[in-house]
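Here is a short briefing to read alongside the sequence and the model. Have both open, and we will go from the whole chain down to single residues.

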Amino acid sequence: FHAWIVVPSYPQGRQVWNEIVSLFPSQYVASSLEDDWLINLTGSQYRSWGQIEIKSAHLPESLQTVGLDYLWISEAQDVKESAWEKLLPTLTSPERKLHLVVEGIPALYQDHWFRKLYLQAASGAKGYLAHKATAFQNPLLSEEQIQEIEFHREVLREATWRRMYLAEFSSSAGYFTNVDACVS
């Protein structure tokens with residue numbers, strides 16, 4: 001079993017590493033190498049069950065491998081097209097389980113690979129599942145946190161707030177404003 005958790009950059013991977021180390025059942029961990037962000041899984045005396053690695057997408061060339069059983073891409077909206085192009089073939093190797101989980105907030109651009117993949121899944125493409133949730137659907141948020149999110153609406157551009165907290169795509173949420181009004 002070979003699994004990768006891919007993040008846009010190593011600083012964004014710190015949280016993922018801390019969560020994996022704290023939440024993964026210890027009876028399945030043979031060893032963990034924090035410097036490499038690698039967990040070796042237990043197995044028999046002859047063979048381990050596999051590895052879980054956290055990888056950064058900042059150098060797309062480092063994302064080539066013989067094949068993965070499981071690929072989780074975190075904060076996909078920040079993963080560049082060149083990294084996605086290296087990752088996708090890792091899921092088509094023979095004798096692999098071939099599971100893909102991709103999550104993040106809506107991408108800023110219509111032609112971003114994450115937006116295209118989400119739209120394909122939302123259209124009912126065979127083997128894909130799309131899920132969308134707003135921050136307000138998170139049952140773990142306290143009333144104070146919800147009020148803080150509402151306050152953010154006053155200090156962020158409307159399109160940015162809607163993208164971050166309502167998971168709405170808007171080409172006006174990025175660095176260029178008023179795009180929708182300028183396009184004819």
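Predicted model: local features only at pLDDT ≥ 70, side-chain atom pairs only at ≥ 80, totals over all residues.

Buried here means under 20% relative accessible area, exposed means over 50%, and partly exposed covers what falls in between.

**The chain as a whole**
- The protein chain holds six helices and six strands.
- Read from the N terminus, the order of elements is β-α-β-β-β-β-α-β-α-α-α-α.
- The C-alpha trace spans about 65 × 40 × 30 Å along its principal axes.
- Of the 184 residues in the protein chain, 34% are buried.
- Among contacts with a separation of 6 or more, 54% are made by residues 24 or more positions apart.
- The accessible surface comes to about 11,800 Å², and carbon and sulfur atoms hold 54% of that surface.
- There are 15 positive and 22 negative side chains, and the centres of these two sets lie 7 Å apart.

**S5 and its partners**
- Strand S1 (residues 2-7) pairs with S5 in the parallel sense, over four bridges.
- Within that pairing, Ala 3 has Tyr 70 of S5 as its bridge partner.
- S5 also runs parallel to strand S6 (residues 99-102), and four bridges join these two strands.
- Together, S5, helix H2 (residues 81-87) and S6 form a β-α-β unit that is right-handed.

**The S2–S3 hairpin**
- Strands S2 (residues 29-33) and S3 (residues 38-43) run antiparallel and are joined by four bridges.
- Leu 33 finds its bridge partner in S3 at Leu 38.
- Four residues lie between the strands of this hairpin, in which Trp 37 takes a positive phi near 50°.
- Trp 37 is a residue other than glycine with a positive phi, and its place is the loop between S2 and S3.
- Is Trp 37 buried or exposed? Trp 37 counts as buried because its relative accessibility is 7%, below the 20% cut-off.

- Glu 75 sits in the loop between S5 and H2.
- Phi of Glu 75 is near 55°, again a positive value in a residue other than glycine.
- With 30% relative accessibility, Glu 75 counts as partly exposed.

- Lys 55 belongs to strand S4 (residues 48-56).
- Why is Lys 55 classed as buried? Lys 55 is buried because its relative accessible area is 18%, and the class takes in values under 20%.
- Leaving aside residues up to four places away in sequence, Lys 55 touches Trp 4, Ile 5, Val 6, Val 7, Ser 62 and Leu 63.

**Helix H5 and what follows**
- In helix H5 (residues 158-166), the buried residues are Ala 159, Thr 160, Trp 161, Arg 163, Tyr 165 and Leu 166.
- Which helix do the buried residues of H5 pack against? They pack against helix H4 (143-155).

Conventions. Residues numbered from 1 in each chain as written. Heavy atoms only, no water. Buried < 20%, exposed > 50% of the residue type's maximum accessible area, 1.4 Å probe, protein only. Contact = heavy atoms within 4.5 Å. Pairing = 2+ DSSP bridges. Areas by Shrake-Rupley, 256 points an atom, 1.4 Å probe, with all protein chains shown as cover. Lys, Arg positive; Asp, Glu negative; His and termini not counted. Charge placed at Lys NZ, Arg CZ, Asp CG, Glu CD. Right-handed = clockwise from strand over helix to strand, strands pointing away.
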